[in-house]
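Q: I've just opened this one and I'm new to it. Can you walk me through it?

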Amino acid sequence: MKELLLAYQGEMALKGLNRVTFENAVMKTIKYRTGAYGDFKVYKAQSTLYVEPKNDDCDLEGAFGALCQVFGLAAVSRAAVCEKNFEEIAARAVEYLKKPLGKAKTFKVEAKRSDKAFPMNSMELARELGGRLLAAYPHLKVDVHHPDCTVMVEVRDYAAYVHADKVKGAGGMPVGTSGKASVMLSGGIDSPVAAFMMAKRGLTLAGIHFASPPYTSERARQKVLDLAEQLTGWCGRMEIYVVPFTEAQVYIRDHGVEDLFTVLMRRSMMRVANQISRRIGAQALITGESLAQVASQTLPALVCTDAAQDLPVLRPLIGMDKVEITELARKIGTFETSILPYEDCCTIFTPPHPKTRPQLEEILQAEAACPDLPRLEQEAAQAAEKVLAGRALGKKQKRRED
């Protein structure tokens with residue numbers, strides 16, 4: 001009998017009449033993500049999603065890892081399938097759970113019986129299976145409150161399923177169910193984490209990166225593309241728009257007010273990002289800003305930045321400190337790439353003493369002294385290079401011949 005994966009839905013259970021829309025979205029994502037690991041049948045029954053291998057060539061471990069990164073799933077389990085017969089269930093459990101039970105000191109059994117024609121109720125099934133497992137693994141002790149291993153047996157309409165502890169899923173909402181937004185990717189620690197957090201809320205993402213060659217290098221550009229590639233395991237495929245920002249940035253340096261340079265540059269970036277976002281159908285901008293982290297992220301500076309354009313600005317890190325952001329960056333796998341020592345355009349031409357409490361009136365006066373800036377911004381937005389990240393997602397891997 002084949003093994004399969006059980007995926008348990010999270011927030012979608014609360015969606016009422018709209019629930020099927022969210023379920024269909026997460027099933028589509030599951031089919032796409034597992035496609036790189038073989039042919040799987042994906043279907044839904046009794047509030048559980050099933051991912052069943054169609055042949056022995058499927059890479060269950062690879063598919064399992066991919067499912068753990070699918071937003072919308074609360075938990076994922078590997079499971080063994082057997083006939084709805086207690087002797088079959090017990091024999092399968094003893095053999096299939098050899099590894100987790102061999103390592104554990106304590107365990108408990110939980111049973112669910114949706115097929116009411118099965119001759120044993122849930123309590124009887126759990127008790128009898130627990131006895132069989134104790135006989136097979138005499139080192140074990142029962143602990144119903146804090147077991148090292150929880151054994152699950154589920155008797156459903158067509159078969160019985162045996163599995164051990166569930167692995168926590170990514171949670172959140174399926175990507176694409178909340179619309180589309182653009183995330184401003186600088187190459188630092190913060191912006192990839194912001195992208196992750198908003199994708200978790202169901203947004204499809206497009207990345208916008210500002211490059212200023214020769215002040216920023218090709219390695220800095222590639223670093224951002226590598227970060228985007230790492231994010232696609234969570235967010236799905238992403239379009240990245242690399243904006244040539246040198247002329248606009250140099251113009252601001254030469255014509256703007258020095259201590260306002262950072263805010264003037266941020267406002268210019270927001271206007272360019274607005275133009276690209278409207279062109280591609282994105283309805284909001286996402287940044288990795290955290291309140292008071294640097295001079296451009298004080299409340300007065302953020303007020304001035306937001307006033308530059310009219311799309312909503314989402315800042316999921318606004319109340320987080322650097323330690324919290326770094327921990328999350330490590331968790332999602334972007335930290336090591338983010339700390340590579342390649343420059344980004346936000347760090348060049350930085351004034352020695354940036355103003356931390358700018359007023360919108362003085363910002364507007366400074367921009368009035370830069371009459372060519374709107375033209376340069378429009379040219380930068382139009383010249384943005386589109387790069388697709390996540391090309392390998394969902395593609396079936398070709399075996400290498402020796």
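Q: What share of the contacts between residues at least 6 apart in sequence join residues at least 24 apart?
A: That share is 80% for this chain, where contact means heavy atoms within 4.5 Å. Keep in mind that this is a predicted model, with pLDDT of at least 70 needed for local features and 80 or more for side-chain atom pairs to count, while totals for chains, interfaces and linings use all residues. Residues are numbered from 1 along each chain as its sequence is written, and side-chain values use heavy atoms, with hydrogens and water left out.

Q: How many helices and strands are there?
A: The chain has 14 helices and 15 strands. Both are DSSP runs numbered from the N terminus: helices are H or I with at least four residues, strands are E with at least two.

Q: And how much counts as buried?
A: Of the 402 residues, 52%. Buried means under 20% relative accessible area, exposed is over 50%, and partly exposed is in between, using a 1.4 Å probe and protein chains only.

Q: Which residues touch the most other members of the largest nonpolar core?
A: Those are Phe210, Val243, Met269 and Ile276, in a core of 36 residues. A nonpolar core is a set of buried Ala, Val, Leu, Ile, Met, Phe, Trp, Tyr and Cys residues joined through side-chain atoms within 4.5 Å.

Q: Which element gives the most to this core?
A: Helix α9 does, with 10 residues. Elements giving two or more also include β11 (204-211), β12 (238-244) and α8 (246-255).

Q: What is Met269 in contact with, leaving aside neighbours within four places in sequence?
A: Met184, Phe210, Phe245, Cys345 and Cys346. There's also a second, separate core of 35 residues, and Leu185 and Ala389 are among them.

Q: Back to α8 and α9. At what angle do their axes cross?
A: Roughly 145 degrees, and the axes come within 10 Å. Axes here are lines fitted to C-alpha atoms, for helices over the stretch in contact, with angles from 0 to 180 degrees between N-to-C directions.

Q: Which residues make that contact?
A: From α8, Gln249, Ile252 and Arg253; from α9, Phe261, Leu264, Met265 and Ser268.

Q: New topic: how many aromatic pairs are there?
A: Eight. Rings of Phe, Tyr and Trp (its six-membered ring) pair if their centres lie within 6.5 Å; planes under 30 degrees apart are stacked, over 60 edge-to-face, and the rest tilted.

Q: Why is the pair of Phe261 and Phe349 called edge-to-face?
A: Because the planes sit at 75 degrees, with the ring centres 6.1 Å apart. These two are 88 residues apart in the chain, with Phe261 in helix α9 and Phe349 in the loop between α12 (335-338) and α13.

Q: Is Phe261 buried or exposed?
A: Phe261 is buried, at 4% relative accessibility, whereas Phe349 is partly exposed at 22%.

Q: Where does the charged end of Arg78 sit?
A: Over the ring of Phe64, 3.6 Å from its centre. The rule is that NZ of Lys or CZ of Arg is within 6 Å of the ring centre and within 35 degrees of the ring normal. Lys41 likewise has its charged end over the ring of Tyr43, 4.9 Å from the centre.

Q: Last one: which residues does a cis peptide bond join?
A: Pro213 and Pro214, with omega about 5 degrees. Pro214 lies in the loop between β11 and α7 (218-235).
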